[in-house]
Amino acid sequence: MALQRRLAPGQIAKALFGLDPDRDERASQLCAETLLTLVQNDYKTPSNTDDLRSPKRQRFALRSLALGVNFLAGRDTGRAGDDSTTPQLYGKRLANGDDLRSSANLKLAQAALQGLIDPDTQRGQPGAWLLRPFHESLLWYDARRSSASKPEWSVRKVYMRGSGITLARLLMDPKDADAAVKGRAAVQEMKRVLTGPSPLADISERLEAALPTGESYTRSPDTEGDEKESWEQGRSPVLQPFASSLCRHAEGVMLQGGASGPARLWQLRTILALDLAIHALRVVWATTGTPHEDRYVLLSFGGAARAQDRVRQRSEESYRRARIRLSEATVLTLAQTMQRLSVEGVTNWAAEFEPRSGLGGGEPDSIASQLRELPSKSSMDDYLRLARSAVEIANYGRSEEAFRVLLESIGLLAGWGGYRYLTASPDLLGALVGALSSKMPMSSSDFFSAVRQEWGFVINQQSAAETSLAGQVDGADLERNARRAEQLMSGAGLALGLSDRTTVVGERAARRQP
């Protein structure tokens with residue numbers, strides 16, 4: 001039982017959110033892991049967890065061409081393409097864009113693939129760089145060298161941490177019957193788009209087919225225990241409201257009209273991250289008992305200088321409060337878990353913490369020692385005091401950082417330092433329109449009301465009426481904010497201004513049939 005380390009940050013995050021969001025996992029990695037889980041399992045729910053196939057897909061030949069890096073370095077056994085070419089030499093030629101035997105114009109193919117690189121992933125080692133979601137043959141998992149002194153690459157966790165596996169389960173196998181219908185429709189449309197004919201897909205398959213079969217770098221690794229655990233997390237009761245909204249929004253994005261397949265997949269990337277972030281926010285609102293009038297996210301669309309922009313200032317405050325609620329919910333969940341374990345009679349408190357956390361030492365002032373000495377009938381205040389001390393010492397704030405990173409990666413967070421505020425980029429607005437495609441077209445006022453209901457976003461005066469903003473921001477300021485949002489959508493082709501007072505949103509988002 002102690003091996004579960006029930007007071008470790010990851011376990012507390014799972015108890016609170018139903019999964020363990022990581023600060024390294026941005027929207028692009030989350031989407032790639034979700035799609036890879038669907039692809040590797042043939043877009044179907046495995047009959048049992050043991051049949052789950054790992055999303056760790058390598059595609060080392062394709063990567064070498066697309067990224068200009070030899071991912072087959074150090075692979076001297078076997079032959080690739082002909083009797084004189086080792087996989088290592090094959091990877092080197094691909095990285096250089098050199099034509100191989102019976103091939104031509106690989107340099108041109110390389111240029112086309114490099115145009116698909118997702119710039120949001122271009123940090124750290126190239127093994128973690130991804131292509132934009134376009135076709136299933138162009139999807140791969142993170143890769144990293146085993147050490148700086150060795151040339152071999154292997155697929156392993158870098159920025160993908162398992163949340164995408166859980167999201168794939170929520171799309172394929174939600175508990176709610178209506179969500180299941182929408183989830184299946186969304187997944188089937190993903191399959192249709194991801195498996196459509198494409199010259200780049202043909203190139204990918206031919207490049208990979210040249211590698212020798214049976215080698216470790218031509219097949220995905222066996223499914224690991226933590227991947228199975230991430231899949232099982234998809235049945236958590238905490239996640240079922242999230243599953244319903246995720247399936248509804250994914251179905252809206254994938255079945256909309258007026259957008260190409262790649263455009264819809266890019267919107268899906270945004271929606272996956274957005275819905276996960278809003279799920280976390282709604283959980284902490286409920287956990288901390290946040291008053292209903294304070295359960296909102298204010299979006300500011302700028303214009304004036306910060307000192308004169310009351311909407312932006314209140315948006316900064318709404319973001320700051322969201323992060324405070326995340327911290328408070330973590331402390332409360334940790335304290336409640338401590339109290340529950342005490343009631344269960346735990347005595348080896350050190351074994352419940354991560355070994356490197358600094359909380360389980362034998363010193364009299366360590367958190368583990370203080371828990372051991374705590375009277376059995378201690379109040380919740382005592383556990384809260386210890387939980388706050390533990391959060392200050394150890395890495396319990398990574399869920400809060402994951403929330404920030406997700407918002408940044410979808411264009412929902414702007415500003416700098418202590419002046420960060422919430423807004424919406426054209427890409428994000430496009431995803432919101434797509435997710436609501438079943439209700440499109442609609443007036444801009446109806447759209448602002450819909451995004452308030454679905455994601456808690458406040459943009460105009462009407463959507464702020466039932467919040468604490470009503471007495472904090474002038475209605476005229478909110479209406480100017482809404483007007484700037486309309487102009488941004490019109491400029492992005494998401495809305496059409498019919499007059500000075502009427503704007504129609506989503507005219508091009510006519511629904512596709514499942």
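Helices (H or I, at least four residues) and strands (E, at least two) are DSSP runs, numbered from the N terminus. This is a predicted model, in which local features need pLDDT of at least 70 and side-chain atom pairs count only at pLDDT 80 or more, while totals for chains, interfaces and linings use all residues. Residues are numbered from 1 along each chain as its sequence is written, and side-chain values use heavy atoms, with hydrogens and water left out.

**A cis peptide bond**

- Pro 441 sits in the loop between helix 16 (426-435) and strand 6 (442-443).
- The peptide bond that joins Met 440 and Pro 441 is cis, with omega at about -5 degrees.

**Helix 17**

- Residues 444-455 make up helix 17, which has 12 residues.
- From its first C-alpha to its last, helix 17 reaches 16 Å, close to the 16 Å expected at 1.5 Å a residue; the expected span is 1.5 Å times one less than the number of residues.
- Which residues of helix 17 are buried? They are Ser 444, Phe 447, Phe 448, Ala 450, Val 451, Arg 452, Glu 454 and Trp 455. Buried means under 20% relative accessible area, exposed means over 50%, and partly exposed lies in between (1.4 Å probe, protein chains only).
- Gly 456 follows helix 17, and its phi is positive, near 80 degrees.

**Positive phi in residues other than glycine**

- Asp 42 lies in the loop between helix 2 (27-40) and helix 3 (60-67), and Tyr 43 is found in the loop between helix 2 and helix 3 too.
- Asp 42 is a residue other than glycine with a positive phi, near 55 degrees.
- For Tyr 43, also not a glycine, phi is positive and near 60 degrees.
- Are these residues buried or exposed, or something in between? Asp 42 is partly exposed, with a relative accessible area of 40%, whereas Tyr 43 is buried at 5%.

**Cysteines and disulfides**

- A disulfide is a covalent bond between the sulfur atoms of two cysteines. The cut-off used here is a pair of cysteine sulfur atoms within 2.5 Å.
- How many disulfides does a search of the whole structure find? The search finds zero.
- Cys 31 is in no disulfide, and the nearest cysteine sulfur, that of Cys 247, is 15 Å away.
- Cys 247 is likewise in no disulfide, with the sulfur of Cys 31 as its nearest cysteine sulfur.
- Cys 31 is buried, with a relative accessible area of 2%, and Cys 247 counts as buried at 0%.
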